[in-house]
Amino acid sequence: MSSLTEDQIVYNSMSEDDINSNVQYVEGENQPEKPRWGPQHAGAKELASQYTAGKRLQETVCISITFVLFAFNSVQLIRYYTWANSYFIFGAAFLGIITADFFSGLVHWGADTWGSVELPVVGKALIRPFREHHIDPTSIVRHDFIETNGDNFAITLPALANMAYKFITYSPADIAATYNWECYMFLLAIFISLTNQIHKWSHTYFGLPRYITILQDMHVILPRKHHRIHHVAPHETYFCITTGWLNYPLEVINFWPVLENIIESLTGNKPRDDDMKWAKKTT
């Protein structure tokens, strides 16, 4: 998939030049009310309507608690910091970025490829946004901070709560013994929390701060052109969205196709079945 030319990528994915009115129709389609992509697509409108007040409340609560835990744990890490830990912090940051990138790909691949919106609990809470995003990629740009980042912040809550518990209950000697691990987990939590915001920036073609576009151009965070490869239907590659560093290596070793073949042979389920169903929805 990554061997596609830039023209092929552009032709086979939705343009993102106008976040409010991108509508592209199926070629040869005589009925203009049936768009190929965009916010007027029937599937995109139905999926967007399933974002509920309850979901909004859950995201708000998770973000609020996570910010408190980040603040508390950062104070404790500073409190127990010693020069002996300095050598590890840069390594922990690098490992945290790599781990976050891999897990962003794993979760993204899982939600894109398997399950359905009709599944209890996780269907509308987790899988629905992925289905909407493929039909209307720029919908994420119209989401505010809470809707964009709520789920990612929620993922970090257990680890951050466990870290806070350790700082409250462990002796200074025990904290010193686990300090490097806590640094790694704290930095990993930061990168996971930022992942969907970075993903949003990769779909934002106007108004980004200059430092964000510089980081994208340097491929420190997920670049826009790099991520657009994923949005070539049927969305079967380049799933990692924190930095995207792991996308090419995983593509070379056929990591995702091998996993899909194993799961399909064991379960009989076809990859991206539900995703294609929503893409083809016209009414």
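Two rings of Phe, Tyr or Trp (for Trp, the six-membered ring) are taken as an aromatic pair if their centres lie within 6.5 Å. By this rule, 15 aromatic pairs are counted here. The structure is a predicted model. The protein has 283 residues, of which 45% count as buried, and its secondary structure consists of 12 helices and 2 strands.

**Overall build**

- From the N terminus, the elements follow the order α-β-β-α-α-α-α-α-α-α-α-α-α-α.
- Taking contacts between residues at least 6 apart in sequence, 70% join residues at least 24 apart.
- The protein exposes about 14,300 Å², and 65% of that area is supplied by carbon and sulfur atoms.

**Aromatic rings**

- F145 and F153 make an aromatic pair with 6.0 Å from centre to centre and 70° between the planes. The pair counts as edge-to-face because planes over 60 degrees apart are classed that way.
- F153 is buried at a relative accessible area of 6%, whereas F145 is partly exposed at 39%.
- A cluster linked by ring pairs contains F102, F103, W109, W114, F239, F255 and W256.
- The ring of Y205 has a charged residue over its face: R224, at 5.3 Å from the ring centre.

**Salt bridges**

- Side chains of opposite charge can pair when their charged atoms come close. The count for this model is 11 salt bridges.
- K55 and E59 form a salt bridge with an N to O distance of 4.0 Å. These two residues are 4 apart in helix α3 (residues 53-79), so about one helical turn separates K55 from E59.
- Both K55 and E59 fall under the 20% cut-off for buried residues: K55 has a relative accessibility of 10%, and E59 has a relative accessible area of 2%.
- R272 and E260 form a salt bridge in which the closest N and O atoms are 2.9 Å apart. This pair links distant parts of the chain, with R272 in the loop between α11 (255-267) and α12 and E260 in helix α11, 12 residues apart.
- R272 and E260 are both buried.

- D274 lies in helix α12 (residues 273-279) and counts as buried, at 8% relative accessibility.
- K277 forms a salt bridge with D274, and the closest N and O atoms of the two are 3.4 Å apart. Both residues lie in helix α12, 3 residues apart, which is about one turn of the helix.
- In contrast to the buried D274, K277 is partly exposed, with a relative accessible area of 43%.
- Salt bridges link E118, R131, D274 and K277 into a network.
- Leaving aside residues up to four places away in sequence, D274 touches G115, S116, V117, E118 and R131. Among these contacts, E118 and R131 also belong to the salt-bridge network.

**Nonpolar surface patch**

- V107, L119, V121, V122 and L126 form a nonpolar patch on the surface. Together these residues have about 410 Å² of accessible area.
- V107, one of the patch residues, is found in helix α4 (residues 86-113).
- Patch residues need over 30% relative accessible area. V107 is partly exposed, with a relative accessible area of 40%.

Key. Residues numbered from 1 in each chain as written. Predicted model: local features only at pLDDT ≥ 70, side-chain atom pairs only at ≥ 80, totals over all residues. Heavy atoms only, no water. Patch = residues over 30% accessible without salt bridge, like charges linked within 9 Å, V, L, I, M, F, W, Y side chains within 5 Å. Areas by Shrake-Rupley, 256 points an atom, 1.4 Å probe, with all protein chains shown as cover. Salt bridge = Lys/Arg side-chain N within 4 Å of Asp/Glu carboxyl O. Buried < 20%, exposed > 50% of the residue type's maximum accessible area, 1.4 Å probe, protein only. Contact = heavy atoms within 4.5 Å. Phe/Tyr/Trp six-rings, centres within 6.5 Å; stacked < 30°, edge-to-face > 60°. Lys NZ or Arg CZ within 6 Å of the ring centre and 35° of its normal.
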